[in-house]
Amino acid sequence: MSIWFPPDGDGLSEMQVGRWWDVVQAPDTLSRRIRSAGFVCAAHIVCPADACLLWLVPCGGTDHYRWGWERIGRYVTVRTGRHEHIPVPHVERTGGPGPHWDCPDFWPGGPRGYLTDAPALLTALEVASLVLGPPALCCVVCEQAAWPETRQQVVVSRGLTTYLDYAHPLCARAARLQEAPAEHDP
Ligand SMILES: [Zn+2]
């Protein structure tokens, strides 16, 4: 199990993404909703200037349920690129004005130090991000995220079964799927 702690002191360091951890970034408007949902078991970085929250998750932690992250990808960004750097507050920097740690009250530290369990974080963000809008649907052809403005309802025939599903217009054309008679977007 990977464990990581920030450097000692109250400084701030630029650190490379993808080396000790990957980064999950969400707008700070979700902060209160995540707390009220009872998800207070992990520390995260608050970046006031960018109005965002950053969770550090074990490297590759978001690989296990890629579609889960993709379907909220409009609201929540997963950063795994090694060419990226983020400002990481040292352990004693727990207040602004710049980037700082927000640790849950009475937090004894997690089993992974300052790393957050990615599946638990995804569950919390799936619920919290609903306030920003609905998640994407899965294109029936390419199985990538299909957002409202880039999808159409199509008629799918599999054997004797015919049903309505969603596809990107280009995917629908390539797969020769007929557009459904009337759009009933959820
Ligand atoms: Zn598609």
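Which side chain does R74 meet in a salt bridge? Some notes on that and the rest of this predicted model.

1. The salt bridge. The partner is E149, with N to O at 2.5 Å.

2. The layout. Domain 1 runs over 12-131 and domain 2 over 137-179. Their centres, taken over C-alpha atoms, sit 33 Å apart. Seven residues from domain 1 and eight residues from domain 2 make up the contact.

3. The buried area. Putting domain 1 and domain 2 together buries about 510 Å², with 57% of that coming from carbon and sulfur atoms. On the domain 1 side, have a look at W67, E70 and R74: these lose the most area to domain 2, and together they account for 88% of what that side buries.

4. The make-up of the domain 1 face. Where domain 1 touches domain 2, its residues split into three nonpolar, one polar and three charged.

5. The zinc site. Four protein atoms hold the zinc ion: SG of C139, SG of C142, ND1 of H168 and SG of C171, at 2.1 to 2.3 Å. Along the chain these donors are spaced as C-x2-C-x25-H-x2-C. What geometry does the site have? It is tetrahedral, with angles of 103 to 116 degrees among the four donor atoms. For reference, the ideal angle for four tetrahedral donors is 109.5 degrees.

Technical notes. Residues are numbered from 1 along each chain as its sequence is written. This is a predicted model: local features need pLDDT of at least 70, side-chain atom pairs count only at pLDDT 80 or more; totals for chains, interfaces and linings use all residues. Side-chain values use heavy atoms; hydrogens and water are left out. Domain bounds come from an automatic or database domain assignment. Contact means heavy atoms within 4.5 Å. Buried area is the accessible area (1.4 Å probe) that two parts lose on being put together, summed over both. A salt bridge is a side-chain nitrogen of Lys or Arg within 4 Å of a carboxyl oxygen of Asp or Glu. Ala, Val, Leu, Ile, Met, Phe, Trp, Tyr, Cys and Pro count as nonpolar, Asp, Glu, Lys and Arg as charged, and the others, Gly among them, as polar. Donors are N, O and S atoms within 2.8 Å of the metal (3.2 Å for Na, K and Ca); water is not among the atoms, so sites may look incomplete. Four donors count as tetrahedral if all angles lie between 85 and 135 degrees; four count as square planar and six as octahedral if opposite donors are over 155 degrees apart and all others between 65 and 115; anything else is irregular.
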